[in-house]
Amino acid sequence: MPTLFRYLLILLFALSSSSLWAQDTANATATASAPIQTPAQILTQLRSQLDSIKATVDASKGDVPLTDVRANALAVQQQAEQLGATLSPQSASLQARLDVLGPPPAKGAPAESAELSAQRRQLGKAKNDLDGQIKQANSLSTEAAQLAAHVAELRADQFQAQLASRTATPFSRAFWIDPIKALPDDTTRVQRLGSDAAAAVRQAWQPPNRTPFVLCLIIAALLLSVGRWLIERVLVNVTTNRMPAGRLRRSALAVAVTLANTLAIGLTAHFAYLALNWNDLLSDDLDELARKLVQLVTFAAFMTGLGRAMLSNNRPSWRLSALSDDAAHRLRAFPWLLGGGALLLGVIEHINSAIGASLATTVTTRGLLAVMTGLLVGSALMRLGQSRRAVLAAGELPGQRPLWVGLVVAAAYVCVGITLLGVATGYIAFAFFIARQMLWVGVILTALYLLMHLVDDIFDTVFAPKGRTGKRMQSSFGLPTSALEQTGTLLSGITRAVLLILAVAIVLAPFGAGPQELVGRVGTLLSGGSLGSLKIVPGNIFDAALVFALGLIVLRVLKRWLSDQLLPKTSLDLGMQNSMITLLGYVGGVLVFVLALASLNVDLQSIAWMASALSVGIGFGLQAIVQNFISGLILLAERPVKVGDWVSIGGVEGDIRRINVRATEIQMSDRSTMIVPNSQFITQNVRNVTLANAQGRVQIKLPMPLDTDASKARELILDVLRMHPGTLSMPAPSVQLDNLDGGSMLFSCTAYVNSPRDVSSVKSDLLFETLERLRDAKLPMTSPQSMVVRNLPPIAESNDDKD
């Protein structure tokens, strides 16, 4: 059985590819055989198109629908702008060649050669022709833009007039009289359309077309019965078993269910269309209607699949939305009902348009469709309310829903009420518009909700620090965990903002705005505007952002290569390496910024003038910042202090950990960090303890009694100084008799260590070892002298003194 499914899929894709290949081959052949048009011919053609559009607008007088007129005007505008943009570099090239030739010789000057004069005249004529064509293209672009704006105003007026139109209420007898009268004619038109379709089926059944007709119908039946289940199962299997664990599986499963339903039913409709029109058997009207019906079926399938993915009744634990199981069960049938309602609405509208149905029939069918849509949406809202009340009755609290969900539900209730009330009062056009917009906006919001979850989960998975891709980026680019998470959050936010803007643009588009008009608007937006002499073009902004991002990545990789591979293999000390990497970062950052500005087509000379104008303000307002910045550059260049030095400045003593643009970070002995402005290192006295790899000196004073054997004590202390692993043999340790005073002699002991940072620890070790050795050798240390004060008894007075 799986082998049969596999063969069916191969056959399906082979037929699809063959039909698409045949269409592409035909288009390519037609394109190759078409002659290349000159700019003059293109301008003539654009002028003819624009005149035709103007004639259509003038002849409409508010009666002819202007659905595609504005899109055609925008297309002319875009083509004219592209032509002008193409011709401008050619004109500049001709001007450069004329500048090389120089001006013609003045009167009295030696005459130039005839060839040079002829070349100058030829180049001048070609440039004048190009300039004229550029002006004509710009004029056409301006006229087309003005015409598009005028058509937009006319369409808005038509739309308002249509919505404000009122008929008799359906509860009156007058409402049904006109449709009953028009019923025979409309029935005849429908029968004519049905007979044309039946004739097309009979023609497709003829021997030359029978084989593809039967084969396409078989494939369509297989897709509708087995293929839909098979495609969904394959996509679900890939989603659940091949994707990394996490929230991405849940959102990807919803997308897979939506795509499976859309793909299977859409391909079914497409193969049914191919069965009837394999050899272009359908007439132009039937072919256009059939194509629109295929699009409607695909949209209805997408709508149904999207609803099934959001409800996720078969996998409640994978549900994206915050719906309870009871609410999802109550709404189980509504994706199919709403999809079928949207399909029915579109089919009836297109059939009415194809047969030219009467106004009464159109109004009646629109009223019935509006009531049907309002009742479907209202029933879904009522079931949601019943589920919420059931949860409250069970003594449980329903899940907290976001504010925007409450607003959407409230707006849906209002729209349902307006739809039913509009039909009841005779404003059927307005009610039909609200009903159709309810379905359209619902699909857009649901798709936006799904895509936002998908985008968020994709960036969370890709930039997860513990994920496979996150670990690779950390190892490749040296990104910290926080930077990786911030990058993912930023990219997710930007993408979601773009999706939101696109959804709002689609929802708020005026009535009748189709894909062509939306593409025209996007093209107009991408053409950009101007801010003074600076042209703001989204494409240039994207290029500048790309150059800036790639430049920073290249700069980071280069700095990492220098710090990890090249510089450690040189004889440069660590401070010099850090200084070189820091300077490279500053210079490279400025260069990347300049390249980004060049990608924006910003005139660097204008920036220079702006910088000159701002220099006065910088001199007064930012004097201290500029002073510290220049001082930081001096510190990195002259290196009076460097990273790792032990310095003392202004009562602050510690190790330099980092030299920034504005200030230097000094880590003190208590592990705190002092931020010192760079200018203080230039203007104040600085004590650099470790400059030029200075050695540390350990000095100990030992007082001993005068009767101590000085030679023995000296040898014992020298032995302690020499045996310690931290002391240096060169300069050699020394013990000197420094002084004799107060019945004691004072020994001065000196030893040297590799770094001043080792002095305190080595001195402590030496004192412990010296005291122990002196105690073992019975060589006492002198105790501090103390003074004892005694009170003597008074001396008795003699008798002679009394006399």
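A word first on how to read the numbers. This is a predicted model, in which local features need pLDDT of at least 70 and side-chain atom pairs count only at pLDDT 80 or more, while totals for chains, interfaces and linings use all residues. Residues are numbered from 1 along each chain as its sequence is written, and side-chain values use heavy atoms, with hydrogens and water left out.

Let me begin with the helices. Helix α6, residues 207-242, packs with helix α7, residues 247-276, at an angle of about 170 degrees, and their axes are 8 Å apart. Those axes are lines fitted to C-alpha atoms, for helices over the stretch in contact, and the angles run from 0 to 180 degrees between N-to-C directions. The two helices are therefore roughly antiparallel to each other; that label applies to angles over 145 degrees, with under 35 counting as roughly parallel, 65 to 115 as roughly perpendicular and the rest as oblique. The residues of this contact divide into 25 nonpolar, 4 polar and 3 charged, where Ala, Val, Leu, Ile, Met, Phe, Trp, Tyr, Cys and Pro are nonpolar, Asp, Glu, Lys and Arg are charged, and the others, Gly among them, are polar.

Now to the sheets. Strands of a sheet pair through backbone hydrogen bonds, either parallel or antiparallel, and here two strands are said to pair if DSSP finds at least two bridges between them.

Strand β3, residues 646-649, is joined to β4 by 4 bridges, with serine 648 opposite glutamate 653. The hairpin of β3 and β4 has 2 residues between the strands, and glycine 650 takes a positive phi near 60 degrees in it. Next, 5 bridges join β4 (residues 652-659) to β5 (residues 663-668); here glycine 654 stands opposite methionine 668, and aspartate 655 stands opposite glutamine 667. Glutamine 667 also has a bridge partner in β6, namely threonine 673. β5 and β6 pair over 5 bridges and form a hairpin with 4 residues between them, where arginine 671 in the turn has a positive phi of about 70 degrees.

The other sheet I want to show is also open, with 3 strands in the order β8-β10-β9 and antiparallel pairing. β8 (696-705) and β9 stand at the edges with a single partner strand each, so one side of each is left without a neighbour in the sheet. The twist averages 20 degrees from one strand to the next. β8 pairs with β10, residues 744-753, over 10 bridges, and glutamine 699 stands opposite threonine 750.

Two residues other than glycine have a positive phi in loops. Serine 312 has a phi near 50 degrees and lies between α8 (284-311) and α9 (325-330); its relative accessibility is 11%, so serine 312 counts as buried. Buried here means under 20% relative accessible area, exposed over 50% and partly exposed in between, with a 1.4 Å probe and protein chains only. Lysine 778, with a phi of about 60 degrees, lies in the loop between α23 (759-776) and α24 (799-802), and at 72% it counts as exposed.

As for cysteines, the structure holds 0 disulfides, a disulfide being a pair of cysteine sulfur atoms within 2.5 Å. Cysteine 415 is partly exposed at 23% relative accessibility, whereas cysteine 749 is buried at 2%.
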